[in-house]
Every structure is written in C-alpha cells, then in structure tokens.
Amino acid sequence: MKVELHIIQSFAPACLNRDDTNAVKDCEFGLHRRVRVSSQCIKRSVRTSPVFTDRVKGHTAVRTKLLIQLLADRMLEMGLNERQVEQVVPLFVSQYVGLDASAKTKTKVLLYLGTDEIQRIATKLHENWDKLAEAAAQVANSEKSDKRSLEVFSQLAKDVQSSAVGATKAADIALFGRMVAESPKDNVDAACQVAHAISTHRANMEMDFYTAVDDLSNESGAGMMGTTEFASACFYRYSLVDLDQLVSNLQGDRDLALTTLEAYLLSSILAIPTGKQTSTAPQSLPSFVMAVVRDSGSPQSLVNAFERPVYPSQARGVVEQSILRLDDYWGRLARMYGTDGIRLLAHCMVEDVTLKNLHAGAVESIWELVDRVKEALA
C-alpha cells in the first residue's frame with residue numbers, strides 16, 4: 001500500500017536551498033529555467049522538524065562524526081570514571097569505524113545511527129568495561145603500539161557490528177534509508193521517495209546587493225558589501241511512502257509505522273527549509289495539499305502538469321492557476337489510465353477555486369486529511 005503527497009506551495013523572495021556557489025538551486029524543465037529545492041534539503045527539514053520528532057517520541061537517528069562524544073556522554077551518565085572514559089571510548093571508535101586523520105575526535109566517515117543503536121553500543125561497552133579499561137591503561141602506558149591490548153577493542157568492535165548495529169526502529173532511517181559502504185548489511189532501503197520540488201512557472205534568479213555600515217567609523221561608505229541570490233516561486237512538491245516497506249524497516253511494528261507516516265505527512269506539510277530564514281523569513285504554508293492512498297497500481301507524480309509553465313491571468317494568480325492545472329492534469333490521467341487501486345483521494349486548500357476533477361475529495365483541514373489517510377490504512 002502506498003501513500004502519495006502532492007503539494008502546491010508559494011514563497012516570496014527567498015533562498016531556501018543553495019548550491020556550492022551560494023546561488024539558488026535551479027534546473028531546466030520543459031526547456032524553461034525553474035527554481036528547485038533538492039530532495040535532500042526537504043528530507044532534512046522534515047526529519048529535524050519538531051512536528052516529526054515530537055510524534056515519533058525518541059525513535060529518531062543522528063547523522064554525525066561525533067560518535068566519541070555521544071558514547072562518552074552515555075558512559076559518564078552510567079557513572080563510569082571520567083579518565084577511563086577518555087581512554088576507552090576513542091580506542092574503541094578507532095577500531096569500530098576509524099578516526100579522521102586530521103581530527104582524532106571525529107570519525108573517518110559520517111555515521112547515521114538510530115538512538116537505539118547508539119544505546120546498544122554503549123551497553124556493550126558497559127558490559128565489557130573492566131576488560132576495556134585495563135586494555136586502555138596498557139595502551140596508554142606502552143611506548144609502542146600494544147597490538148594485544150588493541151585486539152580487545154578490535155574484537156568488541158566486530159561484536160558490536162554484528163549484534164548492536166543494523167536493525168533499528170529509528171523512524172527517519174526507516175523512511176529515508178541508509179547506505180553504509182563499509183558495512184552493506186546495515187543498509188536500509190528507503191520506504192519514502194521524495195522528488196525535487198520545482199517551480200510551476202518559469203523563474204528568474206535575482207541578485208541582492210547589500211552593504212553593512214561600520215557603526216564606529218567616521219568615514220563615509222560601507223564597512224563591507226556583497227551580493228546574494230534569491231528568487232520567488234510557487235513549487236509543486238511530490239513524495240511517496242511505501243507502507244509495507246516502512247513496516248518491514250521498523251521490524252514489523254505496524255503501530256510505529258503508522259505513527260511515523262502520520263509524523264511524516266504533517267511535517268512534510270508544515271516544515272520549511274532553513275536556508276536564509278533569518279534574512280528572508282520564508283514562512284509560507286502550502287496553498288494546496290492532496291493525499292492519495294493506493295492499494296495497487298503505479299504511483300503517479302503530477303509534475304508533467306507543469307511541463308508547460310504556468311502564467312497568471314487577469315483573474316487568477318500563479319498559485320490558483322497551478323492548482324487548476326494540477327486538477328486538469330489529474331482528470332486527463334484518470335481518463336487515460338483509470339483510477340483502479342485508489343482507496344482514498346483527499347485534498348484541502350486555501351484558495352477559492354472550483355475543481356472539476358478533484359472536487360469529491362475535499363476536506364477542511366490538513367488534520368482531517370491526515371485522519372482520512374489513517375482511516376484508509378486502518
């Protein structure tokens with residue numbers, strides 16, 4: 001069973017997602033330049049949103065190179081000796097995943113671990129603490145590399161990799177997947193697909209020239225100056241969640257899977273990328289949200305509704321025209337491919353427009369929309 005989410009969302013001038021040159025991300029679609037927000041940016045804004053984390057209640061993950069600090073904090077919380085912690089944890093992590101050559105307090109690679117996995121690693125360390133503390137002391141007192149003592153850490157690292165890491169109930173890992181090149185058995189196939197959001201219309205990138213005045217200088221002119229790029233756009237956003245895959249990723253816990261799905265739907269609607277928030281305040285909520293629950297059949301992105309860019313008319317702006325274009329395209333797809341396999345179609349919107357093809361699925365609010373999805377999946 002699959003759940004699709006289709007969103008129309010407009011933003012005033014902003015820079016939600018930048019590239020390596022600090023320019024607004026964009027792309028070409030239908031031979032016209034469009035503003036773009038990458039799927040990676042959208043997924044991060046979702047998984048870090050309080051709307052998401054509050055609902056999954058601790059079933060989250062962390063992406064970090066600071067595993068030493070995370071484990072050290074847990075060891076100290078368990079009441080272990082601080083000096084021993086400072087010796088043991090870095091030695092273990094060096095054998096477990098390797099340390100950054102230029103920063104020995106960081107791991108060689110960026111790890112993505114569920115909080116339950118981190119706790120299981122900490123428990124393994126605690127269970128073997130006396131042996132590890134003795135080996136760490138021998139390494140510290142040895143002028144040369146003590147291979148026998150290091151073998152204690154190497155063996156525990158292998159044990160942790162085989163038993164403490166892998167299966168996780170982290171909702172964000174279950175949704176967005178995990179790829180571990182060094183340990184393929186810990187890979188998780190994503191249950192969620194997120195498309196790059198693109199503007200429904202042709203977009204022009206603009207430059208903002210800014211200056212800053214030195215408050216204590218008597219000289220005229222700016223203390224510094226620079227430029228930054230921005231754009232305004234109405235986006236079409238599409239994502240898909242495979243409920244069966246989500247349940248499988250969460251070790252068969254269907255209740256947690258449904259809670260995760262609810263958290264994902266709400267945070268996808270409400271979360272906004274954090275790029276340039278303090279300088280542009282892009283706090284614009286979606287104007288149109290549609291959810292489709294499919295028992296069978298192929299999922300359908302509606303992005304091709306905007307292959308030909310939307311233009312405002314004298315009566316309607318770009319947002320309303322985008323909603324009408326999506327409604328028209330849905331009708332044409334339904335006539336060509338049918339609607340077999342659709343268990344639920346529901347939408348809500350801010351704009352006052354009359355829909356010809358989606359009118360039967362209207363609800364009042366996003367909360368009612370999410371409730372309808374939960375009922376369809378029950």
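Here are legends for a few views of this protein, which is a predicted model.

**View 1**
Start with the overall picture. The C-alpha trace spans about 80 × 70 × 35 Å along its principal axes. Of the 378 residues, 47% count as buried. The accessible surface comes to about 19,300 Å², and carbon and sulfur atoms account for 47% of that surface. Now look at who touches whom: among contacts between residues at least 6 apart in sequence, 74% join residues at least 24 apart. As for charge, there are 42 positive and 47 negative side chains, and the centres of these two sets lie 4 Å apart.

**View 1. The largest nonpolar core, a set of 54 residues.**
Which residues have the most contacts inside this core? They are Leu 246, Tyr 264 and Val 373. Helix 10, residues 254-270, gives the most to the core, with eight residues. Zoom in on Leu 246 and, leaving out residues up to four places away in sequence, you'll find it touching Ala 174, Leu 175, Ala 191, Val 241, Ala 257, Thr 260 and Leu 261. Apart from this core lies another one, of 31 residues, including Ala 72, Val 97, Trp 129 and Ala 135. If you're wondering about the general pattern, nonpolar side chains in soluble globular proteins tend to be buried together.

**View 2. Leu 66, in the loop between strand 4 and helix 3.**
Strand 4 covers residues 61-64 and helix 3 covers residues 67-77, with Leu 66 in the loop between them. Is Leu 66 buried or partly exposed? It counts as partly exposed, because its relative accessibility is 39%. Setting aside neighbours within four places in sequence, Leu 66 is in contact with Thr 105 and Lys 106. Compare that with Ser 49: it is 17 residues from Leu 66 in sequence, and the two are 21 Å apart in space, C-alpha to C-alpha.

A quick reminder: a disulfide is a covalent bond between the sulfur atoms of two cysteines. To count as one here, the sulfur atoms must be within 2.5 Å, and by this rule the count comes to zero.

Conventions. Residues are numbered from 1 along each chain as its sequence is written. Side-chain values use heavy atoms; hydrogens and water are left out. Buried means under 20% relative accessible area, exposed over 50%, partly exposed in between (1.4 Å probe, protein chains only). Contact means heavy atoms within 4.5 Å. Accessible areas come from the Shrake-Rupley method with a 1.4 Å probe; for residues, only the protein chains shown count as cover. Lys and Arg count as positive and Asp and Glu as negative; His and the chain ends are not counted. The place of a charge is taken as NZ of Lys, CZ of Arg, CG of Asp or CD of Glu. Helices (H or I, at least four residues) and strands (E, at least two) are DSSP runs, numbered from the N terminus. A nonpolar core is a set of buried Ala, Val, Leu, Ile, Met, Phe, Trp, Tyr and Cys residues joined through side-chain atoms within 4.5 Å.
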